[in-house]
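Welcome, and let us take a walk through this structure together.

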Amino acid sequence: MAAPLPAARAVANATGDAPSAPAREPLARLAQVGKTFQNGVEALRAVDLEIRRGEFLSLLGPSGCGKSTILRLLAGLANPSLGRIDWPATEHDLGFVFQEPTLMPWANVFDNVWLPLRLQGQSRATARPRVEEALAQVGLSGFDRAYPRELSGGMKMRASIARALATRPALLLMDEPFAALDEITRMKLNDDLVALKCELNATVVFVTHSVFESVYLSDRIVVMAPRPGRVVAEVAVPAPQPRNEDFRLRAEYAELCRETSRALHRAMGAEPAGGETGSQ
Ligand SMILES: Nc1ncnc2c1ncn2[C@@H]1O[C@H](COP(=O)(O)OP(=O)(O)OP(=O)(O)O)[C@@H](O)[C@H]1O
């Protein structure tokens with residue numbers, strides 16, 4: 001599983017321009033990964049995907065194209081049917097944030113965030129500084145004794161993110177975490193996630209259906225075609241991080257949204273046998 005990874009190549013943007021993003025060291029890599037479930041559903045076919053240290057990478061594609069399956073494979077919750085996943089031996093540590101906050105309703109916020117540290121054998125007292133730090137990072141200081149039923153949807157998601165951050169993971173996997181939230185809460189959480197990602201210098205793989213969200217958050221967007229899921233385009237978002245509301249108003253943002261939207265439309269029409277690959 002743990003072969004050394006080669007240096008990253010720079011990314012060309014979706015218009016085929018010269019490489020614009022700085023090269024980053026690879027953290028994990030899927031090589032020719034295929035996944036066919038026991039019921040015969042071919043969810044992924046020949047997926048090549050490199051995840052680079054410190055980047056915010058979004059997986060964008062239609063429902064059922066295998067985005068969640070890629071996260072599950074990276075998390076080790078399922079195995080590829082074909083191909084391989086390479087991780088550096090020392091850093092196979094990750095946090096997972098699901099679409100639903102999946103908090104334990106009978107436990108308060110502290111105990112929910114403590115859970116992954118508890119599973120590592122840390123007592124409540126030992127874990128306390130780290131839990132409090134994670135709660136501060138997501139803006140939930142002072143809510144440690146609250147129960148999930150006492151929190152808004154956005155706060156539940158913040159608690160869920162704090163739980164994923166508690167172990168200081170090398171890689172944060174986020175599966176449409178804000179999809180169920182209202183637009184205003186979603187934009188606020190987008191802003192906070194961008195700031196948090198920069199503060200932690202974290203590597204994030206983020207699944208979304210939203211072109212706008214993917215452009216706002218990402219350093220790089222991987223566009224996938226419908227089943228069997230394949231990577232058919234990549235869009236580099238070279239705007240500096242952290243971003244703020246000003247970025248949403250810039251012509252560059254609008255152009256990147258158009259470019260990503262076009263790549264997604266082409267992906268929707270991609271033939272199952274292959275067709276469009278690489279940058280567009
Ligand atoms: N355990 C499973 N057994 C059989 N089929 C599965 C299983 N998990 C996922 N699939 C199928 O694999 C395909 C890819 O599913 P996946 O959830 O990865 O897609 P997705 O792109 O994340 O979709 P969405 O955006 O709707 O969440 C779908 O057709 C799904 O029905």
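Let us begin with helix H1, where Lys67, Thr69, Ile70, Leu71, Leu73 and Leu74 are buried. Please keep in mind throughout that this is a predicted model. Since 6 of the 8 residues of H1 are buried, this helix is largely enclosed by the rest of the structure. You can find H1 at residues 67–74. After H1 comes glycine 76, which has a positive phi, near 80 degrees.

Which element gives the most to the shell around the ligand? The answer is H1, with 3 residues. In total, 13 residues surround the ligand, and the closest are Phe37, Ala43, Ser63, Ser68 and Thr69. Sorted by class, this shell has 7 polar, 4 nonpolar and 2 charged residues.

Now turn to the strands. An open sheet of 6 strands runs in the order E5-E6-E7-E3-E8-E9, and its pairing is mixed. At its edges are strand E5 (94–97) and strand E9 (230–236), each of which pairs on one side only. From one strand to the next, the twist averages 20 degrees. H1 packs on this sheet, where it touches E3, strand E6 (171–175), E7 and strand E8 (220–225). The direction of H1 makes about 150 degrees with that of E7.

Within this sheet, look at the pair formed by strand E3 (residues 56–60) and strand E7 (residues 203–208): they run parallel and are joined by 5 bridges. To place yourself in that pair, find phenylalanine 56, whose bridge partner in E7 is valine 204.

There is another sheet to visit. This open sheet has 3 strands in the order E2-E1-E4, with antiparallel pairing. Its edge strands are strand E2 (42–52) and strand E4 (82–86), and each pairs on one side only. Here the twist averages 10 degrees from one strand to the next. Strand E1 (residues 26–36) and E4 run antiparallel, with 4 bridges joining them. A handy landmark is glycine 34, which stands opposite leucine 82 in E4.

Between E2 and E3 there is a loop, and arginine 53 lies in it. Is arginine 53 buried or partly exposed? It counts as partly exposed, because it has 18 C-beta neighbours inside 10 Å, and a residue is called buried from 20 or more. Arginine 53 and proline 26 are 27 residues apart along the chain, yet 5.7 Å separate their C-alpha atoms. If we leave aside its neighbours within four places in sequence, arginine 53 is in contact with Arg24, Glu25, Leu27 and Thr203.

Let us now step back to the whole chain. It is divided into domain 1 (25–93 + 171–280) and domain 2 (106–169). Taken over C-alpha atoms, the centres of domain 1 and domain 2 are 26 Å apart. Where they meet, the contact takes 11 residues from domain 1 and 8 residues from domain 2. On the side of domain 1 that touches domain 2, the elements giving two or more residues are E6 and helix H5 (183–200). The largest share of that side, 4 residues, comes from H5.

Finally, some details of the backbone are worth a stop. The peptide bond from arginine 227 to proline 228 is cis, with omega near -5 degrees; proline 228 is in the loop between E8 and E9. A cis peptide bond also joins glutamine 241 and proline 242, with omega about -5 degrees, and proline 242 sits in the loop between E9 and helix H7 (245–248).

Threonine 102 is a residue other than glycine with a positive phi, near 50 degrees. Threonine 102 belongs to the loop between E5 and helix H2 (109–119), and it is partly exposed, with 13 other C-beta atoms within 10 Å. Asparagine 201 also has a positive phi near 50 degrees, and its place is in the loop between H5 and E7. Because asparagine 201 has 8 C-beta neighbours inside 10 Å, it counts as exposed.

Terms used: Residues are numbered from 1 along each chain as its sequence is written. This is a predicted model: local features need pLDDT of at least 70, side-chain atom pairs count only at pLDDT 80 or more; totals for chains, interfaces and linings use all residues. Two strands pair if DSSP finds at least two bridges between them. Axes are lines fitted to C-alpha atoms, for helices over the stretch in contact, and angles run from 0 to 180 degrees between N-to-C directions. Two residues are in contact if their C-beta atoms, placed from the backbone, lie within 7 Å. Domain bounds come from an automatic or database domain assignment. A residue is near a molecule or strand if its C-beta atom, placed from the backbone, lies within 6 Å of it. Ala, Val, Leu, Ile, Met, Phe, Trp, Tyr, Cys and Pro count as nonpolar, Asp, Glu, Lys and Arg as charged, and the others, Gly among them, as polar. A residue is buried if 20 or more other C-beta atoms lie within 10 Å of its own, exposed if 12 or fewer, and partly exposed in between; C-beta atoms are placed from the backbone.
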